[in-house]
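Here's a quick walk through a two-chain model, for anyone who likes to click along.

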Amino acid sequence: MLTIQKNNNMKKIFIPIILFTVLVNSCSKDIVENNLEFPALQPKSTDINAGIWKPILLTGPTEFPVAAPIAVTTPDYIAQINEIKTWQANLTKDEEAIVKYWSAGAVLRWNEILRQLVAKHNLPPYQNPDGTYPVPNANNPLAYPQFPFANPPYASRAYAYVAAAQYDALVAAWHYKKLYNRPAPYVTDVTVNALIPKTDLPSYPSEDATVAGVVGEMMKLLFPGDQDFIQQKVEEHKKARLIAGANVRSDLDAGEALGKAVAQKFVTRARGDRAGTAGGSLTIQSLFEQDCIARGEIPWISQENPKRPGMLMLFGRVKTWLFDSITMVTTIRPPAPPSTSSQKFKDELEEIRHFSTSITPEQRAIAHFWADGISTPTPPGHWNAIAAEDFVKQNFSEVRWARNMALLNMAMMDAAIVCWDAKYVYFNPRPSQMNNTIKTVTGLPNFPSYTSGHSTFSAAAATILGHIIPSNATKYTDMAKEASLSRMYAAIHYRSDCEKGLESGNKVGEYAKARARTDGAE
Amino acid sequence: MKKIFLIPILIAFTSLACLSQTDIDGIMMEKNAFCIGPMFGYSSWKNYWEGTLKRENLNLGTLSTQMYSVMGNYGITNKLNVLFGLPYVKTKASAGQLNGQEGVQDLSLWVKWKAYSKKIASGRLSLIAIGGYSFPISDYTADFLPMSIGLESKNLSLRGMVDYQRGSWFGTVSGTYVVRSNVTLDRNSYYTTEMHYTNEVDMPDVASFNIRAGYRDKGLIAEAVFDHWNTLGGFDITRNNMPFPSNEMDISRIGFNFKYDMPFHPQLSITGNVMTTISGRNVGQATGYNAGIFYVIDFTKKKKTDADDSKK
C-alpha cells in the first residue's frame, strides 16, 4: 500500500518534470549565425591578370613597389616554412576556428567587421544640459559622444573608402603576384598541410595580408577609438593564414606593407574630401531654411526635442567617386519636390497619414526589415550584407570581390552625396511635421524629407549589383522598390521622395556600371 | 471563498504580462469551480534606466500601457487548478513621433498544484508548485521597444511557493524560473555588444522572487507585495540607444493588493492592485494600477458546506 502511494507520488512528480524537460527542449536556443556557415573561398578563377585592372586612385599597380621575395631555397625561407609546421604540429580548437573563419574570404570578413563597427557607432549623441548637441571629436574618440556617429552618410563613406582602397591594394598585389610568381608554402614544401582549399595563385604578396593591412589602416582613420580591436583582428587574420599553410611570414609582411602604403593614398583623399566639415552649423542650416522660404515653400524643422541640427547638412558637397560635382548638379540632382502648397503634396501627405493609421502586419514587417536605423549597419551596410551573401555563392577571387565591393560602395557613397544634396537644397518637411497626427513605426530621421535616402542607396546598389550578377537583377530591383516603399509604410516619406530617390539612385548606379565595363575586369 | 487573485504586472518596456498574470498566491479554487473575469490595467513611466543610468527621454515623454484582459481559474480538484490569462495591450508615448502599438498579446496557461498542506503551530503550511507556459497569439513585433506590446518569446515557467496562514494573517514566498525561447526579428542582423548575422535572438532566462503578506479571511484579502525580476544575462542599453528584447531587464517593485467578495453575492468579487518600481535596469520606472471583477461558477451540483476549506 505504501509502495503504491509512493509510486503515485513519483508519477505526480515525474510527469511534470518530463513535460517541463520536453517543453524546455522545444525552446531550443542554439543559433547558427549565417555568416559562420559560409564555406571556404574557392575561386573559380584566380584572375591572375588582375594587375592590369584599372585602379581607382593609384597611378598604376607599381606606384608602391613591392621588393622581390627571397628564394624558396634560402635558409630564411625554410625557417618560415618551419614556423608553419610548428603551428600545425599542435593546433588548438581556437586556432582551427580562426582558420575556418578567415577561410571564407578576406574581403568578406573585413566587410562584416566594418558593418559591426558601423552598427556599434550608429548612435546619435545625447543632448547637453543647455539643449545643444555635442559633436564627436576624431581627436578624442573615446570621450562621449564617441567618434564617429556612424550615421548613413558617414557609413556610406566608410564602406566606400575601405572598399576602394582595398581594391587598389589588391590590384597592386595581383601585379606582383604574377610578376614574382612565388608558390604557396604547401607547394614549395609538400609536408606543409593546406588547411584551406589549395590554389594556383602565387602567394607573394599575400592577398589576405594586403587586405588586412589596407582595411586595418583605413578603419583606424574611420574608427579611431577601436584601434585595439582592429589590430587584434589584423593579427588574428595573419595568424590564420600562417596556420593554414597558405602564406609564409614574408608573404604576409609584404602584403601588409603594401596594403598600408596604398591606404595612405586614400587617407589623404579622405582628409580633403570635405566630409570633415559636412556637419555644418546652425548658421548654415538657417541659410538653407531662408532659401526654402524665399521659394515660397514650408521649410523642414527638426522634430526632435531639443531640436537637433540636421544630419550632415553639407554632405552633399563631399567629393564624389564616379562623376564630378557639375554632373551631379546638372544631370543627377532630382527636380524640385511637389510644392508644399500644391494639391499633389496634400494628396501625398494624405497617403502617408493613411499608412500611419492602417499599416498591415506585412507592411510593418517590411518597414522593420528595411528600417536600418540606429545601432544597425545602416542601409548601405544592409546592401553590403545582401551583396556579400550573394558574392559568396559566386566564388569570386579576392580581387574580384574587392572590385565588386568597390563598385557597390562607391555607388552608394555617391548616392548619399546626391541624396543629401537634394535634401538640403530643397529642405522639404517630413510628413509628421505637416500633420502632427502622423506617427511612425521607425525612428524619424533628423533631416529633410526629399529624397528618400533608402530609395537612393537601394536603387544605386540594385543597379550595380544587377550588372555584377545579371541573373539576380530582377531580385535586386524588387528589393530596392520594397526598401523604398518601406519608408512610406513607416510614415516617414512621401511617394515623391521614394520615386525620385529611386530615379537618382539608378542614375548613380549607371555611372558605376560604366566604370565596371571599362575597368578591365569584364 | 477565496477563488482567484491574479495580479497582472505591467512592467519594464512591455507589460510582460505573460509572466505576470500567474496566480502567484497561495490560494486554490475548489473542485469544479470556475472563476473568470475581466481586468483592466494601466501603468506608465517617464523615467527609465538606460543600463544603470536613470534618464528621461523628451522624444518619448511618458510611455503608458493599457491592458484589458480575461483571466480564469478552474479547480480540477481542490489541490489541482488550471488557469489562463489573455491580455489585449495598448501602448502610447506622450511625446515624439513613434506610433503606439496594440493587439492581443500572449496566452498564458498554468497548472497549479498544492503538493503539501499541514497544520503547523496553530497555522497551516502549504507548499505549492506552479508550471506555466505562455506564447504570443498575434504577430506583434518585439523589435520596436519601448512601443512593443510584448517580448514575443515563448516562456516556460516553474514556480515553487510556500504559504503559511495563521488566523487571518498570512505570508507567501515564491521563486520562479522562466525559460524563454529565442525570438525572431523581421530583420536578418542585429547588434547587441557585437554583430549577429541572424534573425534569431537568444533571450536570457529569468529568475523572479515574490513575497506577499497581510490579511486573508472570509471575504477580504489585503496584502503588501514585493516583487523582483532578474534577467539572467543580456546586455545594457548603450548610451542614447533604444531598448532591445534581450536587454538585461531587472526590476524590483512594491505594491498593495486587495480582493473583496460582495457580501450580498459572494460569488462576485472585485480586485485591485497598485504597484510601483523601486529600482531597475533597462526598464521603465513604472507605476500602475489594475482592477478586475471576478465571478465564480460552481459546476458541482451538491451544496457546499465549507467553501473555505481549501484556504485553511
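A residue counts as buried if 20 or more other C-beta atoms lie within 10 Å of its own, exposed if 12 or fewer, and partly exposed in between, with C-beta atoms placed from the backbone. By that count A:Gln285 is partly exposed, because 19 other C-beta atoms lie within 10 Å. This is a predicted model, so local features need pLDDT of at least 70 and side-chain atom pairs count only at pLDDT 80 or more, while totals for chains, interfaces and linings use all residues. Residues are numbered from 1 along each chain as its sequence is written, and chains are lettered from A and ligands numbered from 1 in the order in which they are written.

A:Gln285 sits in helix H10 (residues 282-294) of chain A; helices (H or I, at least four residues) and strands (E, at least two) are DSSP runs, numbered from the N terminus. Leaving out residues up to four places away in sequence, A:Gln285 touches A:Gly280, A:Pro309, A:Gly310 and A:Met313, where contact means C-beta atoms, placed from the backbone, within 7 Å. A:Leu314 is 29 residues from A:Gln285 in sequence and 9.3 Å away in space, C-alpha to C-alpha.

Now for the nonpolar cores, each a set of buried Ala, Val, Leu, Ile, Met, Phe, Trp, Tyr and Cys residues joined through C-beta atoms within 7 Å. The largest has 166 residues, and A:Ala164, A:Ala411, A:Met412 and A:Ala461 touch the most other members. Helix H15 (residues 398-426) of chain A gives the most to this core, 20 residues. Another core, of 15 residues, lies apart from it and includes B:Trp45 and B:Met249.

| Cis bond | Omega | Where the proline is |
|---|---|---|
| A:Tyr144 to A:Pro145 | near -5° | loop between helix H4 (106-121) and helix H5 (152-180) of chain A |
| A:Tyr204 to A:Pro205 | near -10° | loop between helix H6 (185-188) and H7 of chain A |

H7 (residues 207-222) of chain A has 14 of its 16 residues buried.

Over in chain B, B:Glu152 isn't a glycine, yet has a positive phi of about 75°. B:Glu152 is in the loop between S8 and S9 of chain B and counts as buried because it has 26 C-beta neighbours inside 10 Å.

Finally, the contact between the chains takes 34 residues from chain B and 38 residues from chain A. Strands S8 (123-136), S9 (155-166) and S13 (195-196) of chain B each give two or more residues to the side that touches chain A.

Technical notes:
Two residues are in contact if their C-beta atoms, placed from the backbone, lie within 7 Å.
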